[in-house]
Amino acid sequence: MRDRRPLAGALRALCHVSQCCPDRGAPVKKISALLILSISARLRVPALPILALIGFTFAGVGLAACSSDDGTSANTSAQHQTLNVVATTVQITALTKQVAGDKIQLTGIIPPGADAHEFEPTSGDLQAIERADLILRHGIGLDDWIDDTLKAGDHAEIVTVTEGVALRTAEEDGKTVDDPHVWHDPANDKIMVDNVAAALDKLDSTNKSTYDANAFAYKAQLDDTREQVQAIINTIPPANRKLVTNHDALSYFANAFGLQVVGAVIPSVSTEAEPSAQDTAALLDVIRREQVKAIFAESSINPKLATTLANDAGVRIIDDLYGDSLGEPGSGADTVDGMLLANARKIADALK
Ligand SMILES: [Zn+2]
C-alpha cells in the first residue's frame, strides 16, 4: 500500500492542478509543465526528462479518467481505494470501528491504558498520520500534538469529531477551561458518531449506506446503554451518589446520570496538574463531611496519591475506573458503550 501512495498522490495532484475532476471545476484538457513539476515533487525525485515522459503518460491516463463527460470514471477510481483513516483517541477509534466496520483501514494512535493528557506520538504514529486520507481528532486540548505533527505538510482531511458537543467548563486557577471528557455522556457520543459518519460519507460515498446504517444502529445501542447505566446508578441510595475521582474526568457522566462530583484528587480536567498540600487537605475534609464512600482512581493514571488519600479518609479505593481510556480488547470495556456500563457497575458496587 505504501509504495503505491506517491503515485496515487501524483495522480491526485494531476486532477487537482488541471482542475479536471468533477468536484474541482470545469475540464481543462491541456497538459502544462506544472503537471510534471507536481508529479516530480510528489515522487520526491528530480524532474528528469525520463520522468517527464512518464509524467506525460500518466497525465494522459489521468486526464482520460478525469475528463469523462459525467465524471464517473474519476469518482469510481478514487472510491475503489480503501480509505486510510487515523483516529487520535481511543474513544474515537472505538466509535469509528462501530461506524466503519471493515470498510476502512483504521489506525488508532492513543492505545488503551495510555494517559491521553500526556501522550506523545511515536515515529510509527507519525508514519501512520503521514499515510492518512482522513484524520479524526478530538480537539478540546486533548490531542494538540496533532497540530505539530501536521506541520510536516500533510494533506489529509482533518475532522474534529467533538464539533457540536455542548462543552462543560471548569474553573482552574482563576481560568475557565473546557472539559474534554465528553465521551462519558452517551448523548455526546451520538454526536461524535454522526460526525464520524459524515466524514466517512464525504470521502467514501460508495460505502455511505453502510456508514449511515452502522451509525444509526450504534446510536440506538447508545440509547439502550444510557437506559441501562441509569438503571444501575438508580440502585445507589440517593445520599451516596457522590463521586471523588482521581482527576476531573467524570463530570459529564455525573451530570448525565444524576451523580455529584464533590472533588478530585488532582483538581483539574487534566492529569498534568499537581495538587498542593492544601488541595489534598481540603479534599480530605470534603470526603469526611460529605461521607463519601469511595475514591475512584483510573485505569490510565497512577493511583498512588488517591490510594494514600483513601487510606487517610478510611474509604474504599477503586483504581480501575475508565476515565481517559477504554479497556483492553476483549475486556468488554473496549467499546464506548461497554466502558460506560463497566464504570456504572464499579461505581454502583462501591457506593451502595
Ligand atoms: Zn482526563
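Predicted model: local features only at pLDDT ≥ 70, side-chain atom pairs only at ≥ 80, totals over all residues.
Student: OK. How many residues does H13 have, and how far does it reach from first C-alpha to last?
Tutor: H13 covers residues 336-351, which is 16 residues. The reach is 23 Å, close to the 22 Å expected.

Student: Why is H13 described as largely enclosed?
Tutor: Because 13 of its 16 residues are buried, the rest of the structure largely encloses H13.

Student: Switching to strands. Which residues of S3 are buried on each side?
Tutor: S3 is residues 134-137. Leu134 and Leu136 are buried on one side, Ile135 and Arg137 on the other. Both faces are covered.

Student: And how many bridges does S3 make with S1?
Tutor: Three, in the parallel sense; S1 is residues 83-87. Val85 stands opposite Leu134 there.

Student: What about S4?
Tutor: S4, residues 157-160, runs parallel to S3, with four bridges joining them. Arg137 has Thr160 as its bridge partner in S4.

Student: Now the metal. Which residues coordinate the zinc ion?
Tutor: His117, His181 and His247 each give NE2, and Asp324 is listed with two OD contacts. Distances are 2.0 to 2.4 Å. Along the chain, the donor spacing is H-x63-H-x65-H-x76-D.

Student: Where do His117 and His247 sit?
Tutor: His117 is in the loop between strand S2 and helix H6, and His247 is in strand S7. They are 130 residues apart, so the pair links distant parts of the chain.

Student: Buried or exposed?
Tutor: Both His117 and His247 are buried.

Methods. Residues numbered from 1 in each chain as written. Heavy atoms only, no water. Helix = DSSP H or I, 4+ residues; strand = E, 2+ residues; numbered from the N terminus. Expected span 1.5 Å × (residues − 1). Buried < 20%, exposed > 50% of the residue type's maximum accessible area, 1.4 Å probe, protein only. Pairing = 2+ DSSP bridges. Donors = N, O, S within 2.8 Å, 3.2 Å for Na, K, Ca; no water.
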